[in-house]
Amino acid sequence: MKTYRVLTFVFIHFYTINANYNFFPFGPSEGDAVLQRGDDEVSRPLKLRRPLQFYDMQFNIVYVATNGLLSSQPPPKEDQYLKSGFPLDFPAIAPFLVDVDTSVGNGAVYYRSDESLSALTRAAQTVQQGFPGTQFRPTHLVVTTWDHVACFKGDHESGYWVSSFQLVLAGNKTDTFALFLYADDGLQLSENGDDVTGSEAELKVLAGFSRGDTSNPEELYHSMHTLQENAYTLFQQGNSGVIGLWVFHVGSSRFPFQKVVGAVGPRAEGTEEPVTTAASQNFNIPEDLAVTASPVSGGVQASLSPENISLCGSILPECSPDGYCTEYTGGPCCRCRSGYYGNGRQCLPMGVSQRLNGQLSGRVSVGATDVQLDRVDVHGYAVPGEGRVYVSISPIPPQAGWALMVVGPLLSTFGWLFALELHGHQNGFSVTGAEFSHQAEMTFYPGNQHLNITQQAQGLDSLNHLKMEMNIKGNLPSIPSGAKVQFQPYTETLHYNQSVLTSSSLHQYIVVSENGGSEMFSYLLHQNISFPMCEHSPLTIPEFQQLDVAHVMVMYTSEGRILKYAIINTVGPVGGELPGLVELNPCRSGKHFCDPMALCLPGEGLQYHCQCAMGFRGDGRNCYDVDECSEGLSSCGPHSECVNMPGSHHCLCETGYEFDFDWRACVDIDECLLKLCHPMASCSNTLGSFHCRCWPSYEGDGFLCQPQKQTGSIESVCERHRNGLLEGLRGWGGDAMLQDYVPQCDEKGQYRPLQCLGSTGHCWCVDSRGQERVGTRTLPGTPHTNCDQPAPLVPRAETLCERWRTTLLSHYGGQPDPQDYMPQCDAGGHFLPVQCYGNSSYCWCADPEGREVMGTRSHDPVKPACISAVPSVVQSPVHPVVTSSPSGPALLSAHGSEIRVIPLNDSQPVLEKASVLLSVQDSVVVGISYDCQENTLYWSNVARSSISRASLEFGAEPVTIIHTDVVYPEGVAVDTVHRQLFWVDSGSDRIEAASLDGQNRRVLFDTNLVNPRAIAVDTTSRTLFWTDWDRDAPRIERSSVEGLHRTVLVGDGLRLPNALTIDPVSAHLCWADAGTKKLECISADGTDRQEINSGLDYPFSLTIYNNHVYYTDWERSGIVVMDKVTGKQTDFLPAQKSHLYGIAFIPPQCP
C-alpha cells in the first residue's frame, strides 16, 4: 500500500506562455537509464561529476524512486512516507509524490545526468525567465522522467490513473534550480477505473521539497501541493508563465539557504500562489537572486530576450581549446580562432598534416562469396594544404579486397574533409569539424549490384587524431585477382541545405587485368551527410559547392592484405576555377614545394609563397614545431601546466585548481564548499589546497575529529561500538562466532578502513564513521577492495565467476571446507588465471571462461605461471602508433596493453627517461622480439590471438601479420639473418614459423607439447630452442629451424622454466626457472651447464647485454638487473605497476 510523495530536481526551457511546456528529450536514445519495473523500486546510485545544492547541503549521488521523487540517499519503504505529509524524514524532491507501480501498464521511469549544450541552454533560459535579473548559468543537469506511469489511490483493484511528469535539476558551482514539468494530457483514468469526469480530485498527491530534518517542523521544507488539493491543478497551472511548468531555487552555498523560493515570472492564466508552510526568514541574499515579483500586463509575456542572456560561460567546455565563444542574436556559438579551421567544437591548425583513424565493419557479397568484416583497422594521413589524402585498410581478405577497390566513397569522404579550399569555399572539416553521419548508396552497372555505406565521424581525440566508424553492406561486382582499377578525374556538385549535404553523381572506372586487357564500368552514387551546426550563427556556406577530384589511386596487395587509396581534391565554386585565374597556380594544383606543415599562398601567375602553419617555424619549405611550453609562448595562465602538441598546445590546471567558466583561467577550488572536513572541524581554504582543524576539546587530523581522551577514561566511537557488541555477545553466553561482526579498531581507536565479518571472508571498506562504502564488499577468496581508492558507485551485474562462486557458497552452506573448491575472481569479476582448491597448493590455469587448461594442474608450492587473457582497462585515451624513435642500448618490455622503452646508461636502466613506446588497447602483449636489421618490433597478443609488428619510427603504425588459426601465442623469436619468425602457441600446443610478413606459414611441431612458453633462435647454428613447463615433465628442447632433429636439451632440475635467451658473448643458452628460483646457462650441445644465481623470485622473461642479465619478475612487479660476475641484483620498478611479460634488447648497433 502506498501514498504520494516525490522528490526531484528539474531544468526547463520555454518560449511562450499559456501552453503546456514540452518535456526535455528523454528515453534510451538520449542515454537514459531505465528504472527497474515494480511497485517500490529505487535506482542504483547515479554519480554526478559535479555536486548539486539542496538547501544548505551538497550532494553528488542521486537516487530515483518509482513513487515520483528523487533523493540524495536511498529512500525508506513507501509505507513509511506515502501517507504522511511534509516534512519528510529524508531529503526529497518530489514533483508528484504518489503510489506508482510501473509493473502495471506500459509506463517507465527514465533518468540521466546531462551536460549537453542544448539542454544547458534551455535550462538557463527557463530559469532566467522565471527569475528575471538572475545570471544563473548551469553546468550540469539531472533529468528524470516518469512516462505514462500508473498512479494508485489505494487498493490496486479499484483502478488507477496514468500520468506523465518530469523533474530537471540544474546546477553550477554555487546554486541549484529545480524544474517540474507536467504533461498536457493531465491525468487519465485506466480502463478498469471509474469515469474520468471528476475523478482527478480523488487522487491525492504531494509535491514539494523536504530537507529531511524533522526536528523543526516549521522550516526546511516547501510544499507546493498538499493532499487536500486537486492533483489536476499541477497540470493546469504554473509559476513561470507556462502551464504545467514550475521553477524553484532549491539550494545555494553562497548564503544560509533555508527556504525554497518559487519563480517570480508571469503566472499562467488561473494560477494561484503556491502553498508555503515554511516560516518567513531574512538572510543576506545575493543581489542577483534577491528578486521580487512584478505585475504582469495583459497576462502574456514574450520569451526572454537573448540579448540579455550571456551563455558563453556555460558552453565554453563544448568549444575546442583552440576555439572561442561568440554570441549571436539567437544565442552563443563556438568558433575557431585565427590560424585554425573547423566548426568551433573541433579546430585544427591550418596547413598541418592530419592523422586519420577508424574501423570498417560489415558484410559484402562478391559473386557467390560472402565476406564478413569485423572492425578492420583504417589508418590514413591528410595534407590539407595540398588536398592530398592517403588511406590504408587492413587486413582485408582477398575475397573482398580486389572488389573493394571500386568503392570510392570509402576514401572520398576523407578527401572532402581535407580538400584544398578555394577562396570563399569550405572543405568538410571547416563545415563539420569531422562530426557527421554519412549515408551512401552505390549501384554498379551493368550488374545492378547495390551497396550501402554508413560512416560516423566522431571528431578528434585528445591527440587531435580523427576517428571514423564505417559500415558496408550489400553486393559488389567481381574484380579479377591481380587486376588494377583506374579512375578518371571527375567533379561532384555538393548541395548544402542547413545541416544536410546531398549529392548524386555517375562515375566511371576502368578495370585492367593482369594480361593488359581493359574494360570500362560505371556506378551511380547517391549520398547525404548530416551534421550538427550552431543554429544561432548565420549560414556562410555557399548553397552549392563543387568538389574537384584531380587524382584517384587505388590498389590492393594480397600479400599484406592491405587496401590502399590516395586522392587529391579541391573544393570551390560550381563550374570550375575562380574567374580571373588564367593559369593554374601551384597552390591550386598541389604541385608546389612547401613543407607539409606549411600553407601555400598563391601569388601572380605561377608565383607562390610558402608560410609555415600556426605553431610551426621555418622558411615554409622546411617547418619545425614550435614548443610553446618550453619557449614561454603558451597561453596558459597561472596555476596551469602547458602540454605541447604539434602546431599547438593545451593547458591543464594544477591540482587544487579548475577552469573557470571562460575555460581559460585556472581558479582555486574552494574545497571548503565540498565539506570534506569533519563536522567537528573548521575548514580554511588556501590557494590550491585547504586545511582542516579540529575544534577545541577535539583531537584528530581535521578529517576525523574525536573528543579529546582523558587518560584511560574516554573510548573512541569505534572502541565503544566494538566493546558494546562484545559485551552483548558475552551476555548471550559466548565469544564472537564466525558469523558475528565485531568492528576492528586501530591503535588510535579509529575504524580500520577494511572491515570483515568474522573469519567468513566477507569484507568491505568503511568511512571514518564506520559506515560501509557502497560497492566495496567482496566475497570470500576474492581480493579485497583497495580502501584507499574511491569505491565504484554503481553496482555491476554479477559475472559468471561471481555467480558460480555464490552458487557454490550456498551449496556449502555458507562455510566451505578448506578442501572445497571456490572459484577465485578478480576485482572485475573475471576468473583469476590461477585457480586452486582453497588455500592448498593444488592449482591449475583457467581460461577467461573458467575452464581448466589441460596440463597445468599440479601439487606444488610454486603456483603455475598462468597468463591472463583479459586485458587491463586503459584509463587514458591512447593511439596505436609508435610514439618515439628509440636508439640503443635500450630495453623493451611488455606491460599488458603497453610496450615501454627504457634507455640504458652503462648497463643501468635510466627510469626517468622511460616512456610508453606503443599502446594497444584491449590487448595482453606477452612475447616480444626485436629485429635490428629493419628496426622492427614483433609481439604476440593473447587477448586478440594475434602476432603483430611495427617499425620503431615515430608515427609508425602496428600491422597484424598473424591473426587466424592461433589461440594463445606466447614466445616469439626473429631470425634476423635468415628473415624468419618463430612462435609458440600454448592454446593449440604448437610451434610455428613464417616469413616476417606472416606469409609462408608452416607448423613445425604439434605433438608432445603441453605448456610451451619461451622460444629463442641461434642464427649462427640455425638452431631453435623452447621451454615447456609441463607440470609432469618440464623441459627445454631444441631442433633445427626446419623442424628436424628434435631433442630434449635439459630435462632434469626444472620446475617452471619461463624465460629463455642466448648470451651474445658466450653463445650459451640461458634460462630462468620460477620454480627452482635459478638462473642457469648451458652450451648448445648440452654440456657445460652452469648455475649463475639461485635467488630469483618469479622470473618470466629474460635478455642479456654487456655481462648483465635483465629479467621481468612477477613477484617484484618490475625489471631486475643482475651482474653476472658479482651476482648483485637491482630492482627497477615502473612508475605504474602492472603485470610484466616479455623483455627484449635494442643493441647500440646491429651486428
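Analyst: Start with strands. Strands are DSSP runs of at least two E residues, numbered from the N terminus. Two strands pair if DSSP finds at least two bridges between them. Keep in mind that this is a predicted model.

User: Which residue takes a positive phi in the hairpin of S21 and S22?

Analyst: Gly387 does, with phi near 70°. The hairpin has 4 residues between its strands.

User: How many bridges join S21 to S22?

Analyst: There are 7, and the strands run antiparallel.

User: Which strand do 6 bridges join to S22?

Analyst: That is S32, residues 562-572, again an antiparallel pairing. Here Ile393 has Leu563 of S32 as its bridge partner.

User: Which residues have the most contacts inside the largest nonpolar core?

Analyst: They are Leu360, Ile393, Ile396, Leu404, Val407 and Phe418, in a core of 69 residues. Beyond four places in sequence, Phe418 has contacts including Gly387, Val389 and Leu466. Another core, of 55 residues, lies apart and has Leu88 and Val109 among its members.

User: Is Cys612 buried or exposed?

Analyst: Cys612 is buried, at 12% relative accessible area. Its place is in strand S34, residues 608-612. Beyond four places in sequence, Cys612 touches several residues, among them Met597, Arg617 and Cys623. From Cys612 to Cys600, the C-alpha separation is 8.8 Å.

Note on methods:
Residues are numbered from 1 along each chain as its sequence is written. This is a predicted model: local features need pLDDT of at least 70, side-chain atom pairs count only at pLDDT 80 or more; totals for chains, interfaces and linings use all residues. Side-chain values use heavy atoms; hydrogens and water are left out. A nonpolar core is a set of buried Ala, Val, Leu, Ile, Met, Phe, Trp, Tyr and Cys residues joined through side-chain atoms within 4.5 Å. Buried means under 20% relative accessible area, exposed over 50%, partly exposed in between (1.4 Å probe, protein chains only). Contact means heavy atoms within 4.5 Å.
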